[in-house]
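Please look at the structure first, then read the points below.

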Protein chains: 2
Amino acid sequence: MAQTRRRGPALEAALLDAAWAELEASGYDRLTMEAVAERAGTSRAVLYRRWPSRPELVIAAMRRHRPMLSGEIPDTGSLRGDMLAVLRRMSQRLAETGLETIYGLIGDYVSSAESFDDLNDQVLHISADVMTTILKRAADRGEARPGVPQRVATVPTDLFRNELFRHRTPPSDQAIVEIIDEIFLPLVT
Amino acid sequence: MAQTRRRGPALEAALLDAAWAELEASGYDRLTMEAVAERAGTSRAVLYRRWPSRPELVIAAMRRHRPMLSGEIPDTGSLRGDMLAVLRRMSQRLAETGLETIYGLIGDYVSSAESFDDLNDQVLHISADVMTTILKRAADRGEARPGVPQRVATVPTDLFRNELFRHRTPPSDQAIVEIIDEIFLPLVT
DNA sequence: TCCCTTTAAGATACGAGCGTATCTAATTAA
DNA sequence: TTAATTAGATACGCTCGTATCTTAAAGGGA
């Protein structure tokens with residue numbers, strides 16, 4: 001009998017594929033290390049050697065399956081349009097990933113996180129750079145005052161994030177519009 | 001041998017006291033239903049009959065030990081002073097409760113919550129009423145424009161909450177001041 | 001090419017805690 | 001005194017994270 005024992009990258013890929021399949025089949029909170037290992041035809045120890053926890057495994061699987069490329073910075077020609085585009089894209093990506101997975105990951109990370117950052121980079125992070133760029137372009141067009149402080153620049157994403165936690169669902173389009181029109185635009189013009 | 005078997009309220013009180021003691025002794029994430037039951041001299045089943053999950057047990061224990069009275073609405077004579085007082089009080093209460101417990105509870109609730117609301121009432125909630133009252137008084141003094149929309153009124157607590165999640169620590173005093181001075185006050189005056 | 005050393009895959013077992021179900025007997029209420 | 005509750009004990013299967021052991025796979029030197 002050909003005893004094939006996978007190693008290195010090939011094994012790792014198989015493990016991540018198994019994790020992804022398990023995520024699709026069972027959802028985040030029914031996903032067990034046990035089940036992933038079994039699906040990959042190996043044992044938990046092999047999993048733990050690579051990823052010390054379930055959220056880290058899942059994030060690795062997501063990274064493999066869905067590169068989650070950061071995307072270009074919207075350039076619609078208006079500050080308002082750019083901001084709406086950014087927030088709507090965030091909402092869309094969260095929805096694509098699946099809310100159950102999102103909240104499962106957030107919950108695990110908030111509970112135990114040594115590194116909240118990983119998750120943040122993967123699913124919550126919109127770089128302050130994006131906001132800065134958009135604001136700079138707007139200032140050049142005369143749409144926004146120059147020198148908007150960092151804390152003000154990130155208000156839209158901060159309030160977005162708050163909505164996400166507060167209501168356990170991504171902001172409605174109405175909420176997004178309110179954040180931009182009632183809060184952000186008055187602050188930067 | 002006097003077989004004393006506690007019932008009803010007396011038993012419930014003993015269970016909550018045991019949970020509280022266990023919380024102080026081990027902290028939130030080392031607190032197990034097992035240990036609470038043992039400390040109370042009973043079994044897990046008795047616990048689960050009353051509280052279906054660890055966070056709910058802990059919140060009940062907190063409610064018993066620390067009534068978490070909502071507190072009066074600050075009235076310092078200025079809008080800025082009132083807002084600072086509200087946010088600083090939030091920070092202080094979170095610190096008193098213990099960050100490890102706070103983040104443990106939040107994590108559990110975000111993960112699985114059927115009812116995020118319980119937690120919210122207990123530790124995160126600052127009523128929109130508080131903000132409305134403060135703003136009304138400020139408007140009467142001529143410090144704020146009247147008719148500030150709800151979404152604007154809650155900006156300080158929303159951003160506070162965002163900081164709490166984003167950095168996994170309550171906002172610094174500097175952050176609180178920035179939220180008030182750079183964002184909130186410009187929006188309402 | 002063969003051998004030998006190093007690495008790490010995969011199997012197995014551990015104690016712990018989970019949440020649930022079942023049974024008994026103590027307590028309470030009628 | 002009897003009937004209804006429900007406390008407390010015990011045991012179930014499951015998953016966790018870790019530790020240990022074996023042996024397959026990869027690499028290096030002659």
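In this predicted model, the side chains of Glu178(B) and Arg151(A) form a salt bridge, with 2.6 Å from N to O. A salt bridge here is a side-chain nitrogen of Lys or Arg within 4 Å of a carboxyl oxygen of Asp or Glu. Between chain B and chain A the count is 4 salt bridges.

**The side of chain B that touches chain A**

- Five helices of chain B each supply at least two residues of the side that touches chain A: H6 (99-112), H7 (116-124), H9 (150-153), H10 (155-167) and H11 (173-188).
- H6(B) gives the largest share of that side, 9 residues.
- Helices (H or I, at least four residues) and strands (E, at least two) are DSSP runs, numbered from the N terminus.
- The residues of this side of chain B divide into 16 nonpolar, 7 polar and 10 charged. Ala, Val, Leu, Ile, Met, Phe, Trp, Tyr, Cys and Pro count as nonpolar, Asp, Glu, Lys and Arg as charged, and the others, Gly among them, as polar.

**Extent of the interface**

- In total, 33 residues of chain B are in contact (heavy atoms within 4.5 Å) with 33 residues of chain A.
- About 2,800 Å² is buried between chain B and chain A, and carbon and sulfur atoms give 55% of this area. Buried area is the accessible area (1.4 Å probe) that two parts lose on being put together, summed over both.

**How the copies are related**

- Chain B is superposed on chain A by a rotation of 180° with 0.0 Å of shift along its axis (RMSD 0.1 Å). The two copies are thus related as by a two-fold rotation axis.
- The superposition is by least squares on the C-alpha atoms of residues with pLDDT of at least 70 in both copies.
- Which C-alpha of chain B is nearest the axis? That of Gly107(B), 2.0 Å from the axis.
- Both copies use the same surface, as 100% of the contact residues of chain B recur in chain A.

**Chain A**

- Chain A has 11 helices and 0 strands.
- Its C-alpha atoms fill a box of roughly 75 × 30 × 25 Å along the principal axes.
- Glu12(A) and Arg50(A) also meet in a salt bridge through their side chains (3.6 Å, N to O). This pair links distant parts of the chain, 38 residues apart: Glu12(A) is in helix H1 (residues 8-26) and Arg50(A) in helix H3 (residues 44-50).

**Confidence**

- The mean pLDDT (the predictor's confidence in each residue, from 0 to 100) of chain A is 90, and 91% of the residues score at least 70.
- Where pLDDT is low, the predicted coordinates should not be read in detail.

**Conventions**

- Residues are numbered from 1 along each chain as its sequence is written, and chains are lettered from A in the order in which they are written.
- Local features need pLDDT of at least 70, side-chain atom pairs count only at pLDDT 80 or more, and totals for chains, interfaces and linings use all residues, while side-chain values use heavy atoms, with hydrogens and water left out.
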